[in-house]
Amino acid sequence: VIKCKAAVAWEAGKPLSLEEVEVAPPKAHEVRIKIVATAVCHTDAYTLSGADPEGCFPVILGHEGAGIVESVGKGVTKVKPGDTVIPLYIPQCGECKFCKNPKTNLCQKIRITQGKGVMPDGTSRFTCKGKQIYHFMGTSTFSEYTVVADISVAKIDAAAPLDKVCLLGCGISTGYGAAVNTAKVERGSTCAVFGLGGVGLAVVMGCKIAGASRIIGVDLNKDKYAKAKEFGATECISPQDFTKPIQEVLAEMTDGGVDYSFECIGNTGVMRAALEACHKGWGVSVIVGVAAAGQEISTRPFQLVTGRTWKGTAFGGWKSVDSVPKLVTEYMSKKIKVDEFVTHTLPFDKINEAFELMHTGK
């Protein structure tokens with residue numbers, strides 16, 4: 001058993017608490033990882049807020065991490081101690097009907113136990129002050145050591161800087177994949193990206209790499225425009241600067257609507273606007289943002305009857321074990337940006353400050 005520091009969420013709505021936790025050794029088909037770097041994501045904050053119906057407490061959050069394999073359980077063949085890895089919140093077992101289907105990346109092998117905050121055998125590897133602590137998204141990267149299923153880990157280039165590539169565990173991969181895998185953005189097309197946070201910027205980058213000729217960023221926070229342009233946005237607009245709905249503004253700007261739109265906020269009203277900003281006959285709108293539990297989307301069916309398509313994406317459609325090492329290679333060869341997404345680097349004990357920076361849009 002390893003004793004180490006972890007940021008524990010004891011209950012919903014309270015700041016994380018830095019504690020000494022015990023991390024049990026990996027059982028069969030499990031891997032224990034020394035986490036070197038982790039990022040914070042709105043999904044962590046969503047669960048911490050208490051709004052997530054799957055949220056269990058007390059829990060160790062975090063799902064954008066990178067580290068070194070410390071030890072492996074029986075039957076683990078794909079990684080060994082010393083390997084550099086990224087834990088995966090969407091695993092890839094290679095055996096379930098989802099993994100065998102090229103149309104999806106949503107491996108279901110451990111979905112039920114992962115959603116309940118436990119390992120595949122139904123138990124936790126974390127304890128603190130005599131209490132069992134739940135796992136989160138199968139990863140729990142807000143701990144100096146974590147244990148994950150062996151199908152939830154990608155072995156990556158040992159030369160990759162872990163304080164950067166940890167972002168490929170969720171945000172960058174999700175946005176980039178939404179553009180290149182889910183929407184399949186084409187050269188010369190026109191795109192609109194709603195929400196210019198980390199995921200939105202990754203969508204902008206994906207649209208640019210795919211060869212889009214016009215990429216319109218939409219965000220209320222004008223401080224984000226300069227960064228969006230660095231990533232490839234050709235122009236940025238704020239819905240607050242117009243009296244008419246933003247979908248009408250975009251339709252006028254683009255002679256009838258954009259070819260592709262992306263919602264990267266998790267707001268159902270914006271999801272509708274993004275769909276309706278698409279061009280009649282062929283426009284495709286991709287939902288990337290996660291809305292709060294129980295919310296529903298609406299539009300007039302005529303929007304779809306007249307040729308628009310509404311899609312969604314999880315982890316950008318990447319089959320994780322296969323794709324994450326390739327994404328790291330694309331970053332190392334400078335095909336995709338990663339360093340530019342990092343705004344602040346803080347010591348682990350300042351994790352609550354990191355959440356505050358995220359909430360203020362910084």
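Let's start with strand β11, which is joined to strand β12 (residues 214-218) by five bridges, the two strands running parallel. Keep in mind that this is a predicted model. Within that pairing, Ala192 has Ile216 of β12 as its bridge partner. Helix α6 (residues 198-209) belongs here too: β11, α6 and β12 make up a right-handed β-α-β unit.

β11 also pairs with strand β14 (residues 260-263), again in parallel, through four bridges. Ala192 turns up here as well, standing opposite Ser261 in β14.

How covered is β11 (residues 190-194)? Mostly: five of its five residues are buried. Thr190, Ala192 and Phe194 point one way from the strand, Cys191 and Val193 point the other way, and all of them are buried.

Now for another sheet. Phe126 sits opposite Ile133 in β8.

Here are the strand pairs side by side:

| Strand pair | Bridges | Direction |
|---|---|---|
| β11 and β12 | five bridges | parallel |
| β11 and β14 | four bridges | parallel |

As for annotation, an unreviewed UniProt entry lists residues 28-156 as "domain: Alcohol dehydrogenase-like N-terminal". In the model, that span is 13% helix and 30% strand, and its end C-alpha atoms lie 22 Å apart.

Notes. Residues numbered from 1 in each chain as written. Predicted model: local features only at pLDDT ≥ 70, side-chain atom pairs only at ≥ 80, totals over all residues. Heavy atoms only, no water. Pairing = 2+ DSSP bridges. UniProt positions renumbered as here; feature names shortened; annotations may be inferred. Buried < 20%, exposed > 50% of the residue type's maximum accessible area, 1.4 Å probe, protein only. Right-handed = clockwise from strand over helix to strand, strands pointing away.
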